[in-house]
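Here are some notes to read alongside the model. Please keep the structure open while going through the points.

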Amino acid sequence: MLKRTKIIATLGPSTDEPGMLERLIKAGVDLVRVNLSHGTEIDHERRIAATRAAALALRKEIGIMIDLQGPKIRIARFKEGSVFLKAGDPFIIDTKLPKDAGTAQSVGMDYQKLPQEVFPNDILLLDDGLIMLSVEKVEGTKIYCHVNLGGKLSNNKGINRRGGGLSADPLTPKDREDIQFAAKMNVDYVAISFPRSATDIYQTRELLEKAGSRAGVIAKIERVEAVEVLDQIIQSSDGVMVARGDLGVELGYAELPAIQKHIIARSRALDRAVITATQMMESMVHSPIPTRAEVSDVANAILDGTDAVMLSAETATGQYPDKAVEAMHEVCLAAERQRITQVSHHRLECRFTRVDESIAMAAMYVANHIDTRAIIALTETGSTPLWMSRIRSGIPIYGLSRHKDARGRMTLYRGVYPIDFDVTRFSKVDVTEEALKELRRLQAVETGDRVVVTKGDIMGNVGGSNTLKIVIV
């Protein structure tokens with residue numbers, strides 16, 4: 001049984017171990033994430049090159065996603081490196097305090113507009129919500145707080161306002177430079193952190209295009225404001241990520257499961273890819289097996305229809321990166337055996353304005369209602385396989401394309417397997433037979449199998465899919 005849900009592994013020191021990338025790919029990784037919040041450009045360049053070498057050696061398409069750091073709002077540093085805050089204690093955040101002068105009474109802040117954006121009774125959450133402060137008053141550059149939930153607080157920890165409302169620009173000067181790096185490295189996706197509106201997505205895409213990149217844009221949903229305009233953000237992007245860390249802090253953790261389900265459902269309804277991320281198998285940073293709760297978490301995201309599940313520290317800095325991927329792969333297969341993942345009523349009542357989209361929908365309807373071994377989509381951009389992948393099905397979709405960027409995009413789509421295939425090398429009469437030969441070579445089909453094929457009358461024409469064929473190998 002082929003795994004349909006895609007697995008994204010974050011690169012880091014743990015994946016630098018010789019042979020580890022090959023082991024991760026064999027274990028089930030489909031894309032890698034390069035987190036620009038950590039490491040140097042030299043590190044990132046080396047890891048991307050190593051990923052491509054490993055993928056080439058194993059003859060598998062592996063997508064590469066760069067994750068921009070974004071405007072992570074952080075406190076400054078403490079004289080002693082950390083302090084312990086006790087519940088009930090007063091504490092001051094002062095944007096004019098020297099960067100290294102923090103004490104148990106006060107600390108500096110890198111975001112100068114914070115005093116203008118918080119008010120009495122606001123709740124400020126530090127270190128992903130482990131420390132909770134209640135704002136009592138604001139005077140000049142000082143925010144006077146009361147410690148609601150105490151604990152150890154160390155240098156440079158992130159800060160959020162419960163309910164959102166902080167106006168930091170999602171594209172920092174560093175992000176703009178990193179977009180140039182993404183273009184230079186010819187990556188498949190760029191993830192933008194903390195977008196507030198569709199405008200932020202359009203701006204990111206414009207910067208990528210100016211830099212000469214055709215990378216897809218992934219919107220990380222981690223602000224309350226983004227949830228409020230969710231459909232606009234989804235439609236302006238190529239996919240979204242349910243970034244449960246900061247989103248859970250701003251919303252409150254109890255609200256997160258329902259919001260996650262909503263984001264996945266809307267992404268699929270609007271024909272976009274969706275990634276579920278953050279702490280999916282967090283215990284495997286230090287443990288060779290996941291907890292039962294983590295297994296349920298991953299499985300439920302898959303049952304809801306997520307395209308991909310993502311590992312962060314588990315593979316970047318964890319002790320068992322390959323075991324984390326193996327465990328996630330096993331959960332994917334088990335969840336995908338459930339009938340709910342293979343039955344779809346998506347868009348049955350819709351009318352289509354595009355011929356290629358209607359061909360994609362018709363192909364899935366046919367494949368799901370007769371005994372079909374595989375679906376072949378001859379594609380220039382990957383759009384037809386994307387539409388197909390929105391339909392729940394247990395039938396593998398092979399996206400055959402001559403374009404590296406299209407194949408890279410398809411590594412994210414649930415149930416889609418990209419294959420390098422140049423349709424322009426063959427005549428219109430022979431191309432279907434040659435495509436079937438390629439799948440036979442890959443042992444994806446056998447003699448006697450029924451296959452559904454979509455293609456265009458004019459080979460190599462973008463948006464030209466207008467033909468559906470049912471053939472026997």
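1. Start with Gly81. Gly81 sits in the loop between β3 (63-67) and β4 (82-85). Helices (H or I, at least four residues) and strands (E, at least two) are DSSP runs, numbered from the N terminus. At 24% relative accessibility, Gly81 is partly exposed. The scale calls a residue buried under 20% relative accessible area, exposed over 50% and partly exposed in between, with a 1.4 Å probe and protein chains only. Leaving aside residues up to four places away in sequence, Gly81 touches Ser154 and Asn155; contact means heavy atoms within 4.5 Å. From Gly81 to Asn156 there are 75 residues in sequence and 9.6 Å in space, C-alpha to C-alpha.

2. A word on the source. This is a predicted model: local features need pLDDT of at least 70, side-chain atom pairs count only at pLDDT 80 or more, and totals for chains, interfaces and linings use all residues. Residues are numbered from 1 along each chain as its sequence is written, and side-chain values use heavy atoms, with hydrogens and water left out.

3. Next, the barrel. It is closed by 8 strands in the order β1-β2-β3-β12-β13-β14-β15-β16, with parallel pairing. Two strands pair if DSSP finds at least two bridges between them. On average, neighbouring strands of this sheet are turned by 25° against each other, direction ignored. Strand β1 (residues 6-10) pairs with strand β2 (residues 29-35) in the parallel sense over 4 bridges. Ile8 has Leu31 as its bridge partner in β2.

4. Which strands does α8 touch on this sheet? Helix α8 packs against β13 (216-221), β14 (239-243) and β15, and its direction makes about 60° with that of β14. Helix α12 (residues 321-336) lies across β1, β2 and β16 (308-311), running at about 160° to β16. Axes are lines fitted to C-alpha atoms, for helices over the stretch in contact, and angles run from 0 to 180 degrees between N-to-C directions.

5. Now α8 against α9. The axes of helix α8 (residues 244-251) and helix α9 (residues 256-269) come within 10 Å and cross at roughly 125°. That makes α8 oblique to α9. Angles under 35 degrees count as roughly parallel, over 145 as roughly antiparallel, 65 to 115 as roughly perpendicular and the rest as oblique. The crossing of α8 and α9 is right-handed. A crossing is right-handed if the near helix is turned clockwise from the far one by less than a right angle, and left-handed if anticlockwise. Arg244, Leu247, Gly248 and Leu251 of α8 meet Leu256, Ile259, Gln260 and Ile263 of α9. The contact of α8 with α9 has 5 nonpolar, 2 polar and 1 charged residues. Here Ala, Val, Leu, Ile, Met, Phe, Trp, Tyr, Cys and Pro count as nonpolar, Asp, Glu, Lys and Arg as charged, and the others, Gly among them, as polar.

6. Then α1 against α2. The axes of helix α1 (residues 20-27) and helix α2 (residues 41-58) come within 9 Å and cross at roughly 55°. α1 is thus oblique to α2. The crossing of α1 and α2 is right-handed. Leu21, Glu22, Ile25 and Lys26 in α1 meet Ala50, Thr51, Ala54, Ala55 and Leu58 in α2. The contact of α1 with α2 has 6 nonpolar, 1 polar and 2 charged residues.

7. There is also an open sheet. Its 6 strands follow the order β6-β5-β9-β8-β7-β11, with mixed pairing. β6 (106-107) and β11 (159-161) stand at the edges; each has a single partner strand, so one side of each lacks a neighbour in the sheet. Strand β5 (residues 90-94) runs antiparallel to strand β9 (residues 142-149), joined by 5 bridges. Phe91 has Cys145 as its bridge partner in β9. β5 and β6 pair in the parallel sense over 2 bridges, and Ile93 has Val107 as its bridge partner in β6.

8. Not counting residues up to four places away in sequence, Asp94 touches Val107, Gly108, Met109, Thr141 and Lys142.

9. Last, two loop residues to check. Asp128 is in the loop between β7 and β8 and has a positive phi of about 55° although it is not a glycine. Asp271 lies in the loop between α9 and β15 (273-277). Asp271 also is not a glycine, yet has a positive phi of about 60°. Asp271 is buried, with a relative accessible area of 8%.
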